[in-house]
Amino acid sequence: MSLPFLLEIGTEEIPDWMIVPALNNLQDMFQALLDQHALGGRVTTVDATPRRLVLRAEGLLDRQADVEELVMGPSKTAGAGAATGFAKKMGTTPDQLATHSTAKGEYFAFAKRTQGQLTEAVLARELPNLILKIQWPKTMVWNGKGTERFIRPIRWLVALLGDAVVPFEIGGVKSGNKTTGHRVLGKPSIPVTIQNFSQQLTANGVILSAAERRDKIELGMAELLASKPLRIKPDPDLLHTLVYITEFPTPILGSFDRSYLDLPHEVLVTVMRHHQKYLSVEDSDGKLAPYFIAVMNTNADPDGLVRQGNERVLRARFNDARFFWDQDQKKALTARIEDLKTVTFQAKLGSYFDKTQRVVEIVKGLAGNERAALLAKCDLTTDMVKEFTDLQGIVGGLYARAQGEPEEVARAIYDHYKPLSMEDDIPSTPAGRILSLADKWDTLVECFKVGMTPTGSRDPFGLRRAAQGLVRIVVEGKVKFDFPGMSPELSEFVRDRVEYYFRDVRGFAYDELRACMAAGWNDLIDLEARLLRVKAIRTTPDFEPIAASFKRIKNILKQAAFFNSNALDVNLIEAGPEQDLYFETRRTRGQPLESRIGPLRPKIDLFFDKVLVNAPDSKVRLNRLTLLQGLLAEFSEIADFSEIVTERQS
Amino acid sequence: MSTGLSFQETVLRLKQYWSERGCIIQEPYDVEVGAGTMAPETFLRVLGPRPYNVAYVQPSRRPADGRYGENPNRLYKHQQLQVILKPSPADVIDLYLGSLQAIGIDLGKHDIKFEEDNWEAPTLGAWGIGWQVMLDGMEISQFTYFQQCGGFDLDLVPAELTYGLERIVAFLQNVDSVYDITWTPGFRYSDVRLKDEQQFSKYNFELADVGMLWQLFDLHEKECQRLIKISGVVLPAYDQVLKCSHIFNLLDSRGAISVTERVGVIGRVRRLALGVAEAWMKEIAPKSEAVA
């Protein structure tokens with residue numbers, strides 16, 4: 001018999017950003033449970049709202065198949081006593097034992113039959129553990145010290161196998177067939193079956209499917225704006241959040257006074273997005289319009305109270321922002337440099353004043369804009385940034401511009417936290433790139449100096465992101481920077497980030513990357529150029545054979561423990577393949593790698609075919625090794641080709 | 001235009017509501033605190049295995065938040081209605097939503113959301129898991145399941161509900177400034193409280209004698225350390241912690257605490273708070289054994 005299964009874990013509101021990973025984890029663990037216990041069946045869907053995680057599976061057996069296994073007992077020579085003991089252990093009598101012949105003789109054996117368990121019983125036993133094993137970033141207790149932990153309190157459980165409840169209990173909550181509706185739109189206790197579960201939820205104000213909630217929001221927004229020359233500023237992350245903080249989302253359109261548009265739009269958007277979770281609206285020219293979209297967790301706003309409430313909250317926020325802007329202008333950024341002494345950078349690393357001094361020095365060394373560096377952190381002392389911390393840098397840039405600083409300075413400050421993620425752009429101007437780079441470099445160097453290094457997944461100071469941003473700025477912004485004076489730990493850390501960037505972001509093959517980095521990586525612009533060359537010549541027919549030859553040369557030199565700084569003695573070179581190789585090397589010297597590979601390859605092949613490197617005459621032998629060493633060295637300026645994985649090798 | 005309940009009617013109804021649900025109704029604690037959590041009714045009572053349900057209004061002083069009465073939403077002293085339900089009942093969120101209806105919020109006409117907001121007070125060795133409760137886009141309450149207090153894992157997990165009274169009432173009365181709130185017909189919030197805001201902002205930012213404050217800090221710290229060692233005076237010892245904490249806030253608003261000092265001073269308050277919590281646990285330990 002094949003049965004469907006439904007599990008609903010009912011909780012209090014789970015943080016939106018944790019829901020999808022938890023669902024995936026639940027799905028994987030449940031499928032593993034089915035497989036491990038041979039219950040048949042596949043998970044068909046998982047879905048969630050802030051108050052429920054739901055999993056459905058189909059095709060479960062109603063019980064496990066019986067299993068028969070042959071259990072080997074004592075040797076027949078061990079006698080009757082041993083047989084009785086074994087039979088007792090197997091829960092049977094000696095006459096039921098069989099004989100099993102092996103190379104070592106005859107043994108007692110018993111065909112033990114284990115009856116399959118009811119699926120319901122297996123699930124009832126395993127589900128509490130499985131549910132409590134779902135991984136969350138942070139868990140809590142709600143029943144008291146030492147009790148079960150979950151992301152938020154579990155308040156109800158639905159577990160149905162076919163028509164039957166799978167009975168279990170977590171923290172005093174018994175599983176059953178009753179779900180709970182929306183807090184306001186639904187009933188608190190609703191009997192359900194697997195078949196009518198979704199319909200019952202819908203009837204009680206819960207749209208279970210995240211995709212449907214997203215559609216409802218998007219359609220609703222389109223309707224709200226249909227008659228207006230306005231459009232939503234796309235924001236997939238915020239939309240995702242809104243989908244997962246609602247059970248029944250309904251968008252509404254609100255507006256604010258046009259006069260607030262005088263404030264920097266960055267500030268307006270940040271207030272709307274980060275503080276109020278509103279989507280911004282723009283006109284057909286892409287300019288911010290005095291409207292916003294809020295998404296309610298209910299079905300309607302009959303008296304317009306929700307819209308008015310949201311508008312009032314936004315007005316207060318915008319008034320704050322305007323107040324901060326006016327207050328902050330009373331003290332120019334220049335006058336705030338001293339104040340940075342009271343702003344801690346890191347407890348062990350002193351203040352932002354100290355950091356600023358260091359960053360100015362780095363920027364100076366890179367011929368960047370020192371004034372931008374001097375003022376870059378001053379916005380940390382402004383009310384605006386204290387209130388809207390996400391706007392650090394941006395506010396500094398806006399204030400610099402308002403206070404008549406040169407555009408280059410303002411733009412560099414504005415951009416200097418960029419890139420904030422892999423998707424974010426690097427700073428848009430050379431001065432901004434140098435400033436951002438210097439800021440990040442200082443953070444890395446100083447944190448490593450006092451041992452504040454990332455461990456495992458913990459990176460409280462965001463050093464990985466800083467290093468990643470730095471690598472991108474150097475490569476994509478073409479900033480000449482040679483990573484001076486790195487400690488071995490920092491060097492390894494940066495190296496990892498360089499590898500990650502070129503391999504995972506840029507898609508270079510790992511062996512090409514290793515080969516090119518082996519020839520040096522302090523100059524990342526050069527490294528990128530070499531990677532591109534190696535990637536291009538790799539597709540040419542002569543490349544793999546020549547790479548294999550280099551591997552061979554390297555091995556030969558290694559086995560001979562050879563290192564010779566003497567010049568090649570031309571007189572010792574034998575006519576024939578050795579001389580041909582020598583001449584060809586000399587003839588093509590100075591040409592780019594790309595045009596040397598073709599002519600050199602047959603000469604190298606022939607050399608290895610016909611010439612004995614380990615010549616009996618040691619002078620000749622050493623001379624030949626010198627020839628090979630020279631050849632290897634010339635090519636190794638680009639990459640260590642012996643790192644390339646070749647057909648011949650694998 | 002005033003549509004909602006008056007300020008004092010709102011407070012009275014919330015007290016009535018929680019009283020009917022078995023809470024002790026306490027009066028505000030009479031030592032300066034920065035939040036309702038710091039009153040001993042919360043900080044000490046959440047410790048240990050005895051159930052306790054209590055509600056009280058707590059005027060909360062935050063010197064650095066003062067704006068001379070000029071900012072419509074920021075106050076040096078605001079009022080919180082603090083509810084502790086220990087242990088938290090399974091229907092605690094429904095109870096909370098019921099309290100909103102009790103003060104005239106028709107949930108069918110508004111939008112309520114629970115958004116992640118975990119709470120942490122390092123100076124009290126306390127943290128919890130919970131939400132900020134949003135009504136039509138405005139934060140009206142903090143809802144926290146306490147996990148640890150005074151450095152101790154809590155035997156029973158209390159739910160702490162903190163209502164920001166000025167915000168809620170301004171919202172319900174549809175006014176843009178807290179000073180325009182109707183306290184009771186004929187009296188606005190500004191009639192009752194504006195002078196405090198003006199005068200204390202002046203004192204906190206400009207006049208408080210920094211030298212004297214440092215001396216007081218040292219004195220209260222010493223007194224606390226002395227009392228912690230004596231049995232049976234945990235509550236007086238805790239008052240000393242509150243004094244130190246408030247003086248720290250005053251010094252901070254005077255800009256008298258440098259970056260390097262700051263961590264150290266916070267550490268001193270924290271050590272006192274943890275010491276008191278430990279003493280309290282010792283004091284209540286025999287009773288809890290008797291219960292068990």
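The legends below describe close-up views of a predicted model.

Residues are numbered from 1 along each chain as its sequence is written, while chains are lettered from A and ligands numbered from 1 in the order in which they are written. Because the model is predicted, local features need pLDDT of at least 70 and side-chain atom pairs count only at pLDDT 80 or more, whereas totals for chains, interfaces and linings use all residues.

**View 1. Overall dimensions and secondary structure of chain B.** Chain B comprises eight helices and eleven strands, where helices (H or I, at least four residues) and strands (E, at least two) are DSSP runs numbered from the N terminus. Its C-alpha trace spans about 55 × 55 × 30 Å along the principal axes. Of the 292 residues in chain B, 47% are buried, a residue being buried if 20 or more other C-beta atoms lie within 10 Å of its own, exposed if 12 or fewer, and partly exposed in between, with C-beta atoms placed from the backbone.

**View 2. Helix α5 of chain A and its buried face.** Helix α5(A) covers residues 210-225, and its end C-alpha atoms are 23 Å apart, in agreement with the 22 Å that 16 residues should span at 1.5 Å a residue; the expected span is 1.5 Å times one less than the number of residues. The buried residues of α5(A) are A:R213, A:I217 and A:M221. Seen down the axis of α5(A), these buried residues fall within an arc of 70°, so they line one face of the helix, the arc being that of the directions from the helix axis to the C-beta atoms. The face turned away from the buried side carries the exposed residues A:A211, A:L219, A:A222 and A:E223. The buried residues of α5(A) pack against β15 (230-232), α6 (236-244), β16 (250-255) and β18 (288-296) of chain A.

**View 3. The contact between chains A and B.** Chain A contributes 33 residues and chain B 34 residues, two residues being in contact if their C-beta atoms, placed from the backbone, lie within 7 Å. On the side of chain A that touches chain B, the elements giving two or more residues are β7 (140-141), β18 and α8 (305-329) of chain A. Among these, α8(A) gives the most, with nine residues.

**View 4. The surroundings of A:E584.** A:E584 is found in helix α20 (residues 577-588) of chain A and, with 18 C-beta neighbours inside 10 Å, counts as partly exposed. Leaving aside its neighbours within four places in sequence, A:E584 is in contact with A:P599, A:L600 and A:K603.

View 5. A:F483, a residue other than glycine, has a positive phi near 50° and, with 20 C-beta neighbours inside 10 Å, counts as buried.
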